[in-house]
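Work through the exercises below with the sequence and the model at hand. Each task is followed by a solution in steps.

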Amino acid sequence: MTLVTQARLKELYHYNEGTGEFTRLFSRCNANKAGILVSKKTEAGYFRLWIDGRLYMRHRLAWLYVYGEFPAGQIDHINGERHDNRIENLRDVSPQGNQHNRRKASKA
């Protein structure tokens, strides 16, 4: 199964860079109408989103939406808040870089 493209993502959702929220641009049924904020949280505190039968982490989709490609490494939430998917709070880092910030955030 191929990964979603930026064009396909933008057909389905609007991403607000200032809030980090995704809004549905289509209606599937009465419960899933256009204009609804999408918010399915994992036990670990991340948000996910189903697109074309595949599950994606929302922070990775935010990166794709803005930059047109998936990150080369992992996405680090700069402030340590896993639910904060504002583009200014996301950076593409190596696994080591992501672990470094995780330790720093856990001490706070």
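**Exercise 1.** State how far apart W63 and Y67 are along helix 2, and classify their ring pair.

Solution. Step 1: W63 and Y67 are four residues apart in helix 2, so about one helical turn separates them. Helices (H or I, at least four residues) and strands (E, at least two) are DSSP runs, numbered from the N terminus. An α-helix has 3.6 residues a turn, so residues three or four places apart point the same way.

Step 1: Rings of Phe, Tyr and Trp (its six-membered ring) pair if their centres lie within 6.5 Å; planes under 30 degrees apart are stacked, over 60 edge-to-face, and the rest tilted. The ring centres of W63 and Y67 are 4.4 Å apart and the planes stand at 50°, so this pair is tilted.

Step 2: W63 is buried at 12% relative accessibility, while Y67 is partly exposed at 47%. Here buried means under 20% relative accessible area, exposed over 50%, and partly exposed in between (1.4 Å probe, protein chains only).

The model is predicted: local features need pLDDT of at least 70, side-chain atom pairs count only at pLDDT 80 or more, and totals for chains, interfaces and linings use all residues. Residues are numbered from 1 along each chain as its sequence is written, and side-chain values use heavy atoms, with hydrogens and water left out.

**Exercise 2.** How many aromatic pairs are there by this rule, and how are the rings of Y56 and F70 arranged?

Solution. Step 1: The count is six aromatic pairs. In the pair of Y56 and F70, the centres are 6.0 Å apart and the planes at 10°, so the rings are stacked.

Step 1: Y56 belongs to strand 6 (residues 54–57) and F70 to the loop between helix 2 (58–67) and strand 7 (74–77), so the pair ties together parts 14 residues apart in sequence. Y56 is buried, at 7% relative accessibility.

Step 2: One aromatic cluster is formed by Y13, Y15, F22 and Y65. Over the face of Y65 lies K10, 4.9 Å from the ring centre. A charge sits over a ring if NZ of Lys or CZ of Arg is within 6 Å of the ring centre and within 35 degrees of the ring normal.

**Exercise 3.** Which residue forms a salt bridge with E21, and which parts does the pair tie together?

Solution. Step 1: A salt bridge is a side-chain nitrogen of Lys or Arg within 4 Å of a carboxyl oxygen of Asp or Glu. The structure holds six salt bridges.

Step 1: The partner of E21 is R58, with the closest N and O atoms 3.6 Å apart. E21 is in strand 2 (residues 21–24) and R58 in helix 2, so the pair ties together parts 37 residues apart in sequence.

Step 2: R58 is buried, with a relative accessible area of 0%, whereas E21 is partly exposed, with 25%. R58 also lies over the face of F47, at 4.2 Å from the ring centre.

**Exercise 4.** Which salt-bridge network includes D52, and where is D52 placed?

Solution. Step 1: Salt bridges link D52 with R8 and E11 in a network. Between R8 and E11 the closest N and O atoms are 2.9 Å apart.

Step 1: D52 is in the loop between strand 5 (47–51) and strand 6. Its phi is near 50°, a positive value in a residue other than glycine. D52 is partly exposed, with a relative accessible area of 48%.
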